[in-house]
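The following exercises are to be worked through with the sequence and the structure at hand. Each task is followed by a stepwise solution.

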Amino acid sequence: MLGVTVLGTGSPMVSATRAGPAALITYQRRPDSPAHHYLVDAGRWVSLRLEQAGIPWPHLDAVLFTHHHMDHNVGWSDLLMSGWQMGRAKPWRVFGPPFTSTFCAATHDAFSYDRQHRPVLQSDEGGRQDVTEITGAGPVFDEDGLRVTAAVVPHGDCVPSFAFRFDAPDRSIVISGDCSPSEALVELAAGADVLVHEIEHRASTRAQLEAFGLPEADQERVFAVMAEWHTDETQLGAIAQAAGVGKLMLTHYIPDAFDPAALAAAISSTYTGDLVLSDDLTVG
Ligand SMILES: [Zn+2]
Ligand SMILES: [Zn+2]
């Protein structure tokens, strides 16, 4: 039994209704087996959303970072320190691209005062991080019947940025991370039951820039940059269709305010599977 909860559907821009990017993979080998929980990215408010989802998050099995833009990791220090205080007894397993070790060491050091001046009974182990850096596409880990695979996806100069696929005996789920279109993502997601994918709604972005009074030539410069970093509504349907995924769940909305009917119509013009415009805590 494999499932995903889209914990946060926001972007770098602070939103009153959308937490930062994060998704939880839950896996149970059999109904009477213990549940495993894996977190992909840790954006702002991730601890609140995990708590709302009723997940025993201080005991997460592993955390995977797709890349180290701050919207994807700014919630990590909260999980690390709050989880330790709330009873985690063993180091956190952390996977991510190069820089993950630097990021985790800096986060650990940033809270050294707290660790030295807090009368907690927990073991030091719960505040430590066991980091594995992923340098390219391929297997990440395989445990208790769950196989995790990374693909390198294009995201401007964030190289490498990763998408992750989770394969259980019954289902397969793919998390895109942030990315512009690529054959690598289509291959990773081929035949998956669920693809959780970022989206830049170009029509809404254009309307916002026009409302700001940005001249058209400057708008085109913005879009030229965006094309290297993100996937828009004219591209995503064809990607999901080519991969043949059963369900496409949108997340990481750029901009935060958009026309959902127009967005759904644009994607559905090329994608015939189930389309879900996720909100925070949508389950798939
Ligand atoms: Zn992002
Ligand atoms: Zn990013």
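Helices (H or I, at least four residues) and strands (E, at least two) are DSSP runs, numbered from the N terminus. This is a predicted model, in which local features need pLDDT of at least 70 and side-chain atom pairs count only at pLDDT 80 or more, while totals for chains, interfaces and linings use all residues. Residues are numbered from 1 along each chain as its sequence is written, chains are lettered from A and ligands numbered from 1 in the order in which they are written, and side-chain values use heavy atoms, with hydrogens and water left out.

**Exercise 1.** Locate Val14 and determine whether Val14 is buried or exposed.

*Solution.* Step 1: Val14 is found in the loop between strand E1 (2-8) and strand E2 (22-28). Step 2: buried means under 20% relative accessible area, exposed over 50%, and partly exposed in between (1.4 Å probe, protein chains only). Step 3: the relative accessible area of Val14 is 67%, so Val14 is exposed.

**Exercise 2.** Describe the surroundings of Val174.

*Solution.* Step 1: Val174 belongs to strand E10 (residues 172-175). Step 2: Val174 counts as buried because its relative accessibility is 0%. Step 3: contact means heavy atoms within 4.5 Å. Not counting residues up to four places away in sequence, Val174 touches residues including Phe164, Leu185, Leu188 and Val196. Step 4: Ile25 is 149 residues from Val174 in sequence, yet the C-alpha to C-alpha separation is 9.9 Å.

**Exercise 3.** Classify the aromatic pair of Tyr38 and Phe141.

*Solution.* Step 1: rings of Phe, Tyr and Trp (its six-membered ring) pair if their centres lie within 6.5 Å; planes under 30 degrees apart count as stacked, over 60 as edge-to-face and the rest as tilted. Step 2: this rule gives seven aromatic pairs. Step 3: the ring centres of Tyr38 and Phe141 are 5.5 Å apart and the planes stand at 35°, so the pair is tilted. Step 4: the pair links distant parts of the chain, with Tyr38 in strand E3 (residues 35-40) and Phe141 in strand E7 (residues 138-143), 103 residues apart. Step 5: Tyr38 and Phe141 are both buried.

**Exercise 4.** Classify the aromatic pair of Trp76 and Trp92.

*Solution.* Step 1: with 5.2 Å centre to centre and 85° between the planes, Trp76 and Trp92 form an edge-to-face pair. Step 2: Trp76 lies in helix H3 (residues 76-85) and Trp92 in strand E5 (residues 92-96). Step 3: Trp76 is buried, because its relative accessibility is 0%. Step 4: Phe65, Trp76, Trp92 and Phe103 form one aromatic cluster.
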